[in-house]
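Me: I would like to learn how to read a protein model feature by feature. Could you take me through one, giving the general idea before each case?

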Amino acid sequence: MKSRILVLLTALLICIPSLFGQSESSSSSNTQTQAASQDQSQNQNDKDNQNDKDKKKDKKKKKKDKGSADDVTVPTTFSDAVAQDVLQQLTDGLEGHSERLMMSAFDDNKMDGYLNFEDQIVAFFQRYDSFRVHFRISQATTEGDKGVVLVDIEMEEIPRAGNAQPVRKRDQMRFEMERGKKGWKIVDLRPRNFFS
């Protein structure tokens, strides 16, 4: 009987290390598989992040390229046509009741008192519901790198108050324009209170 127990214990001792060895190797194999899977998913995430960054760079580059394309297509010399385009943008902003479009005709970096003028325009748009504008260029000249335009302008302003009468204005305005990164823009105008 003792010999049978010894044989069983010996067999058990022989089997136990191989059982532990197998479970260790299978758990090691599972760990390696999980690590490989995590590495693959990390690599995929890194690739996705890189693709996202590349796409963002491409968008920024396209915006820059678009700006430089504008630089190429915008006339370098001032002319009646340049003045007409800038003033039409201003008119479109007024008649479309879009402060943003109107202010895009101005160069915020080069115009003195731009922020005060912008506040004036915001208040102007809040006071009136709509505008009708008619302008005629009476003179366009060049002074150094600036274009100077004298414009006969008429404007009808429809107040927000329903029972108020339209306001009509007529004046001759002087606009100074300069060519910048975004094309020709207004850098000064007189009288500024025409838009108030």
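**Reading the fold**

Reply: From the N terminus on, the elements of the protein chain run α-α-α-α-β-β-β-β, that is, 4 helices and 4 strands. Helices (H or I, at least four residues) and strands (E, at least two) are DSSP runs, numbered from the N terminus. This is a predicted model, in which local features need pLDDT of at least 70 and side-chain atom pairs count only at pLDDT 80 or more, while totals for chains, interfaces and linings use all residues. Residues are numbered from 1 along each chain as its sequence is written, and side-chain values use heavy atoms, with hydrogens and water left out.

Me: How many bridges join strands E1 and E2, and in which sense do they pair?

Reply: Two strands pair if DSSP finds at least two bridges between them. Strand E1 (residues 128-143) and strand E2 (residues 146-159) pair in the antiparallel sense over 14 bridges, and Val133 has Met155 in E2 as its bridge partner. The two strands form a hairpin with 2 residues between them, and Gly144 in the turn has a positive phi of about 65°. E2 is also joined to E3 by 12 bridges, again antiparallel, with Met155 standing opposite Lys169 in E3.

Me: Which strand pairs with E3 over 7 bridges?

Reply: That strand is E4, which pairs with E3 in the antiparallel sense; here Glu178 has Lys185 in E4 as its bridge partner. A hairpin joins E3 to E4 through 2 residues, and Lys182 lies in the loop between these strands.

Me: Is Lys182 buried or exposed?

Reply: Buried means under 20% relative accessible area, exposed over 50%, and partly exposed in between (1.4 Å probe, protein chains only). Lys182 counts as exposed because its relative accessibility is 72%. Its C-alpha atom is separated by 9.7 Å from that of Ser104, 78 residues apart along the chain. Of the 196 residues of the protein chain, 26% count as buried.

Me: Which residues have the most contacts inside the largest nonpolar core?

Reply: In soluble globular proteins, nonpolar side chains tend to be buried together. A nonpolar core is a set of buried Ala, Val, Leu, Ile, Met, Phe, Trp, Tyr and Cys residues joined through side-chain atoms within 4.5 Å. The largest one in this model has 34 residues, and those with the most contacts inside it are Leu94, Phe106, Phe175, Met177 and Phe195. Helix H2 (80-95), helix H3 (99-103), helix H4 (114-127), E1, E2, strand E3 (167-180) and strand E4 (183-190) each supply at least two residues of this core, and H2 gives the most, with 6 residues.

Me: What does Phe195 contact beyond its neighbours in sequence?

Reply: Contact means heavy atoms within 4.5 Å. Leaving aside neighbours within four places in sequence, the contacts of Phe195 include Leu90, Leu94, Phe117, Phe124 and Leu189.

Me: How many aromatic pairs are found, and how should I read one?

Reply: Rings of Phe, Tyr and Trp (its six-membered ring) pair if their centres lie within 6.5 Å; planes under 30 degrees apart count as stacked, over 60 as edge-to-face and the rest as tilted. A search of the whole structure finds 9 such pairs. Phe124 and Phe195 form one that is edge-to-face, at 6.2 Å centre to centre and with 75° between the planes. This pair links distant parts of the chain, with Phe124 in helix H4 and Phe195 in the segment after E4, 71 residues apart. Both Phe124 and Phe195 are buried.

Me: Where is Asp188, and which side chains does Asp188 reach through polar contacts?

Reply: A polar contact is a pair of N or O atoms within 3.5 Å; within protein, one must be able to donate a hydrogen and the other to accept it, and residues adjacent in sequence count only if both atoms are side-chain atoms. Asp188 is in strand E4 and counts as buried because its relative accessible area is 15%. The side chain of Asp188 makes a polar contact of 3.3 Å with that of Arg190 and one of 3.1 Å with that of Arg192.

Me: Which peptide bond is cis?

Reply: Most residues other than glycine have a negative phi, and most peptide bonds are trans. The bond from Arg190 to Pro191 is cis, with omega near -10°, and Pro191 is found in the segment after E4. His97, in the loop between H2 and H3, has a positive phi of about 50° although it is not a glycine.
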